[in-house]
Each structure stands twice: as C-alpha cells, then as structure tokens.
Amino acid sequence: MDAKIKFSKYQGAGNDFILVDNRNAAFNRENTTLVNQLCDRRFGIGADGLMLLQYTENFDFEMVYYNADGNEGTMCGNGGRCIVAFARDLGIIDKETAFLAVDGPHHASIEGDQVNLGMIDVQEVTRDGEAYVLNTGSPHFIKQVDNLQGLNVYEAGYSIRNNDTYKQEGINVNFIEKEANGYFVRTFERGVEDETLACGTGATAAAMAMAIAENKTGQQEIPIRVLGGQLYIAFYRDNNNFTNVRLKGPANFVFDGKI
C-alpha cells in the first residue's frame, strides 16, 4: 500500500464519513488501528465512520463500513447514502445502483444531492418496557421523551447502551419526540460511543416504532428531523411487517485529500 491514502469526505445530514476507493484492494481491511486513527477528530481526518468501496461481482460495488472505533460495523443508512454519492462522483454509477452491504443487497437512486436508499425489510419488533427494540440493519432502542432538545443524550444513551441487557453486543439508543411536521430524533451510536448528528438506520427504526405506537398502517412516509438535517422514511406496514423500506435525504461531498 502507498504511504499516502487518497480519501474523500462526505456527510449525510451531519453524519460524516471517510470514503476510500478500494477497488484495487490496496487498503488493508484488517488494519483497524489505522481506521481508528483516520476517524480521530484531533489526530486524524475526523469522521463518524470509514467506508471502503470495493469491487464485487454481480453488483456495482460492495460497501464495507467501519465504526469510528476501527471495528467493522453493521449497516449504516447515512453511510449507504454517502457511498452512493461517492460512486456517482467516481463515475461508477449514474442515477441508480445496486450494491452489496453487510446486511445484503441494497438498491438506491440519486438525484442531485438527494439519495433514496432501499433498506432491509423488518419483521420483528420487541418491547423493553415502554421502548421499542428492532433491527433495521443495525440494532436500535427507541424511546419517546418530552423536551428532547434539553435531554443529555450522551448520559441517557450511554446508560442504556451499557446496561446489563445491551452492554455485550451494544445497541444504538434513539430518543424521539413528536413535532408539528413529523418527529425529532437524537441518537447515541455504539461504535462512536457518543451522540451523532444523524443516524439513518436509527431514523428508520424510530419511524417504524411510531407507526406502531400510533397505529399507522399501509403505505407511509414519515419526516424525521435530526440535528444535522431532514430525513424521510417510507415503508409499507402490515402489523409488525415493514416492507419496501426507503431512507431518503441529502449526501454531500465535503473535501478530498491524501494522508
């Protein structure tokens, strides 16, 4: 591998990522220490995660996602939208794509900076007290609260993520509050171990939880506001079966360089 790593930085509703075109397999996928260093906001580039765009047969590309702690992670929705924009900017795709991620195939379309990403179907939703627990490519805990703007999300999220139920595998903790034009969501992300400005799989899970809580059935599109911007979640709900799931929102190039 060359001494310098060529990278691009993208952000999706404030969720920021380092993108590396690794179709030549020059980046060592096992070097988790390097990933952690690159994601460090003081000593590296700084990001919520890092993604490798890899060559794979039968798809436009493969998405390999790492959390900021350096470990390979589960599906990242906003990361998925950003890697679609990256692939478009590299000339790999035009306006539509089919790519492979850790949770299986994904289809997406892109128009300008808006990426509409297909997510996995969800068939299982459980409860933990008043909270909802479900997996939208990554595991999520959804809890309704009042005065979400004033909540200490780091403290509250850290406590749930590290309790006896979840500390071994970890879970992403989302707090949600209804507002005039949809819902407001804030998320404590495992792997980052802090609040992030957005979480795509979390916004998707939160929208599904509220559909259950408010008995919304059939085809739905639910606006989710996050600290970093606006996302839209669409799905068809039949009881606890969610199909044709879509995550839509912005994905923007920030800068590129070598390190």
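**Salt bridges, backbone angles and overall fold**

With a relative accessibility of 42%, E72 counts as partly exposed, a class that lies between buried (under 20% relative accessible area) and exposed (over 50%), as found with a 1.4 Å probe and protein chains only. The structure is a predicted model, in which local features need a pLDDT of at least 70 and side-chain atom pairs count only at pLDDT 80 or more, whereas totals for chains, interfaces and linings use all residues. Residues are numbered from 1 along each chain as its sequence is written, and side-chain values use heavy atoms, with hydrogens and water left out.

The side chain of E72 takes part in a salt bridge with R29, where the closest N and O atoms are 3.4 Å apart; a salt bridge here is a side-chain nitrogen of Lys or Arg within 4 Å of a carboxyl oxygen of Asp or Glu. This pair connects distant parts of the chain, since E72 sits in the loop between β4 (62–67) and α2 (77–90) and R29 in the loop between β2 (15–21) and α1 (32–39), 43 residues apart. R29 is likewise partly exposed, because its relative accessibility is 29%. In general, side chains of opposite charge can pair when their charged atoms come close.

By the rule given above, the model holds 13 salt bridges. One of them joins D48 to R41, with 3.0 Å between the closest N and O atoms, and D48 counts as buried because its relative accessibility is 7%. Another is formed by D164 and K167, at 3.5 Å from N to O; D164, at 68% relative accessibility, counts as exposed, while K167, with a relative accessible area of 47%, is partly exposed.

The backbone was examined next. Most residues other than glycine have a negative phi. E193, however, has a positive phi near 60 degrees and lies in the loop between β12 (182–189) and β13 (194–196), where its relative accessibility of 28% makes it partly exposed. N244 also has a positive phi, near 50 degrees, and its place is in strand β16 (residues 241–250).

G137, in the loop between β9 (131–135) and β10 (139–144), counts as buried at 9% relative accessibility. Leaving aside residues up to four places away in sequence, G137 touches T74, M75, D103 and I120, where contact means heavy atoms within 4.5 Å. The C-alpha atoms of G137 and G202 are 9.5 Å apart, although 65 residues separate the two along the chain.

The protein chain as a whole contains four helices and 17 strands, which are DSSP runs numbered from the N terminus (helices, H or I, at least four residues; strands, E, at least two). Buried residues form 53% of the 259 residues, and of the contacts with a separation of 6 or more, 61% are between residues 24 or more positions apart. The C-alpha trace spans about 55 × 35 × 30 Å along its principal axes.
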